[in-house]
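Please read this briefing with the sequence and the model side by side. The points below are grouped by topic.

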Amino acid sequence: MEFERFIAKKFLPKGQSKYSGPLVRIATYSIALGVLVMIMSVSILRGFQGEIRNKVVGFGSHIVVKNYQLSNAYEEVPVNSDRPEVQYIQAIPGVKHIQFFANKGGMIKTDDQIHGVIMKGVDVNYDSSFFAQNLVDGRLFDLSDTLPSNEVIISSTIAHKLKLQLDDKIRTYFWSGDTYRARALKVVGIYNTDLTEFDNHYIVGDLRQIQKLNNWEPNQVAGYEILVDNFSRLTPIANEILMTLGYDLSLTTIIDEYPAMFSWLDLLNSNIVLIIGIMALVCIVAVISALLIMIFEKTSTIGLLKTLGVTNKSIRKIFLYKSGQIILKGILIGEGIGLLLCLLQKQFKIVRLDSESYSMSFVPIDIAPVLFGVIGIGTFIVCISAMLIPASYIAKINPAKTIKVE
């Protein structure tokens, strides 16, 4: 066994030292607490960012291609679904799925209330996994029939306001120029995303209903929704798609559509950096305090080792080994507790939230193994690096004076 490692193991066996023993335990628990706070904070903030982003993308996809021509609100100018651009876009690396849609503004009228809505029409190829995950009652609409389906899903917010239930028939009126056209739709499902901006207005149903309302051809849609396989590559993929589009088409990313929301989500990253910085400082102060006390307590031992010919470098390594043990133990405890708490929250959703304030009903957790590794390794490197400063005090210890005092 290496000499320095052997001596380090003999220091403070089982924390029996009168002065440094309790401080070493405090340092260990402080590091564990710091790592725990870092893991929980980053996991929660990343989970929050991912949850909000997924909900917004669920309604609007990553990229939307529409007709460049301006139109009145909710009166969309159609594009053909069989244009050659569709094939070009599908072949671009990173594009996961293309789906067609159309929106139509109108209102739902009950016996005593009127509520403005936007009907989002989708076809049989639409990726409905988002609405399936957020469905709280009933089922999704059935688009398998050759005739336009009158089935729709509505939000729990709209259902509560208008006192609607499953299988209710709703009278809807959609704007068409200076007049309106009526439709009788059937509620087959109720969803809830906790995003007030969307839940207050959107119902989802058959694209063919909107095509009929607008007197469009079967191959005419409002636009293409494009899903990508990696959100971090959204901008370069969008730029590549833009190069394939005709002059009469425009492209909008989900970030362009909701800039305030995504700026807010990006701002949360600064909170993550601040929390990590504060907790790292706590860990550094705790372990430096423990190391200094150990050095002061073992001054006579250091003097004896120097008398026996041990170099300052070797003595510093002894204390760095001991500090490394304290840091490693604290990191393992913190990461173990952090992982347990993350798993419990992810599985059982123990901590709940006010959905109106936070746009979700529980604290979201994003468990990333890489994150645990980065926090653990980063904490160890930072703390060990900080140890070099108090360890330099060892070179100033005069063995003649320490032995004389003893």
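Serine 359 lies in the loop between helix 13 (355-358) and helix 14. The model described here is a predicted one. Phi of serine 359 is near 60°, a positive value in a residue that is not glycine.

**Serines in loops**

- Serine 359 has a relative accessible area of 19%, and because buried means under 20%, serine 359 is counted as buried.
- Serine 61 also has a positive phi, about 65°, although serine 61 is not a glycine.
- The loop between helix 2 and strand 1 (63-67) holds serine 61.
- With a relative accessible area of 1%, serine 61 is buried.
- Serine 149 sits in the loop between strand 5 (135-138) and strand 6 (151-155).
- The relative accessible area of serine 149 is 9%, and serine 149 is buried.
- Not counting residues up to four places away in sequence, serine 149 touches Asp142, Leu143, Asp206, Arg208 and Gln209.
- Serine 149 and phenylalanine 6 are 143 residues apart along the chain, and their C-alpha atoms are separated by 78 Å.

**The nonpolar core**

- The largest nonpolar core has 112 residues, and those with the most contacts inside it are Ile63 and Ile241.
- Helix 2 (residues 20-60) gives the most to this core, with 15 residues.
- Isoleucine 241 touches Ile63, Ile89, Ile92, Val95, Ile226 and Leu251, leaving out residues up to four places away in sequence.

**A residue of helix 2**

- Glutamate 51 is found in helix 2.
- Is glutamate 51 buried or partly exposed? Glutamate 51 is partly exposed, with a relative accessible area of 25%.
- Glutamate 51 touches Met360, Phe362 and Pro364, not counting residues up to four places away in sequence.
- The C-alpha atoms of glutamate 51 and valine 86 are separated by 29 Å, and the two residues are 35 residues apart along the chain.

**Helix 10 and helix 14**

- Two packed helices are described by the angle between their axes and the distance between the axes.
- The axes of helix 10 and helix 14 (residues 369-391) come within 9 Å and cross at roughly 40°.
- Helix 10 and helix 14 are therefore oblique to each other.
- The crossing of helix 10 and helix 14 is right-handed.
- On the side of helix 10, the contact is made by Cys283, Ile284, Val287, Ile288, Leu291, Leu292 and Ile295. On the side of helix 14, it is made by Thr379, Val382, Cys383, Ala386, Met387, Pro390 and Ala391.
- The residues of the contact of helix 10 with helix 14 divide into 13 nonpolar, one polar and no charged.
- Threonine 379, in helix 14, is buried, with a relative accessible area of 7%.
- Leaving aside neighbours within four places in sequence, threonine 379 is in contact with Val35, Met38, Cys283 and Ile331.

**Helix 10 and helix 12**

- Helix 10 (residues 259-297) packs with helix 12 (residues 312-348) at an angle of about 140°, and their axes are 11 Å apart.
- That angle makes helix 10 oblique to helix 12.
- Which hand does the crossing of helix 10 and helix 12 have? The crossing of these two helices is right-handed.
- Helix 10 makes this contact through Val287, Leu291, Met294 and Ile295, and helix 12 through Phe319, Lys322, Ser323, Ile326 and Ile327.
- Seven nonpolar residues, one polar and one charged make up the contact of helix 10 with helix 12.

**Helix 1 and helix 12**

- Helix 1 (residues 3-10) and helix 12 pack at an angle of about 55°, with their axes 8 Å apart.
- Helix 1 and helix 12 are therefore oblique to each other.
- The crossing of helix 1 and helix 12 is right-handed.
- Helix 1 contributes Phe3, Glu4, Arg5, Ile7, Ala8 and Lys9 to the contact. Helix 12 contributes Ser314, Lys317, Ile318, Tyr321, Lys322 and Gln325.
- The residues of the contact of helix 1 with helix 12 divide into five nonpolar, two polar and five charged.

Definitions and conventions:
Residues are numbered from 1 along each chain as its sequence is written. This is a predicted model: local features need pLDDT of at least 70, side-chain atom pairs count only at pLDDT 80 or more; totals for chains, interfaces and linings use all residues. Side-chain values use heavy atoms; hydrogens and water are left out. A nonpolar core is a set of buried Ala, Val, Leu, Ile, Met, Phe, Trp, Tyr and Cys residues joined through side-chain atoms within 4.5 Å. Buried means under 20% relative accessible area, exposed over 50%, partly exposed in between (1.4 Å probe, protein chains only). Helices (H or I, at least four residues) and strands (E, at least two) are DSSP runs, numbered from the N terminus. Contact means heavy atoms within 4.5 Å. Axes are lines fitted to C-alpha atoms, for helices over the stretch in contact, and angles run from 0 to 180 degrees between N-to-C directions. Angles under 35 degrees count as roughly parallel, over 145 as roughly antiparallel, 65 to 115 as roughly perpendicular and the rest as oblique. A crossing is left-handed if the near helix is turned anticlockwise from the far one by less than a right angle, and right-handed if clockwise. Ala, Val, Leu, Ile, Met, Phe, Trp, Tyr, Cys and Pro count as nonpolar, Asp, Glu, Lys and Arg as charged, and the others, Gly among them, as polar.
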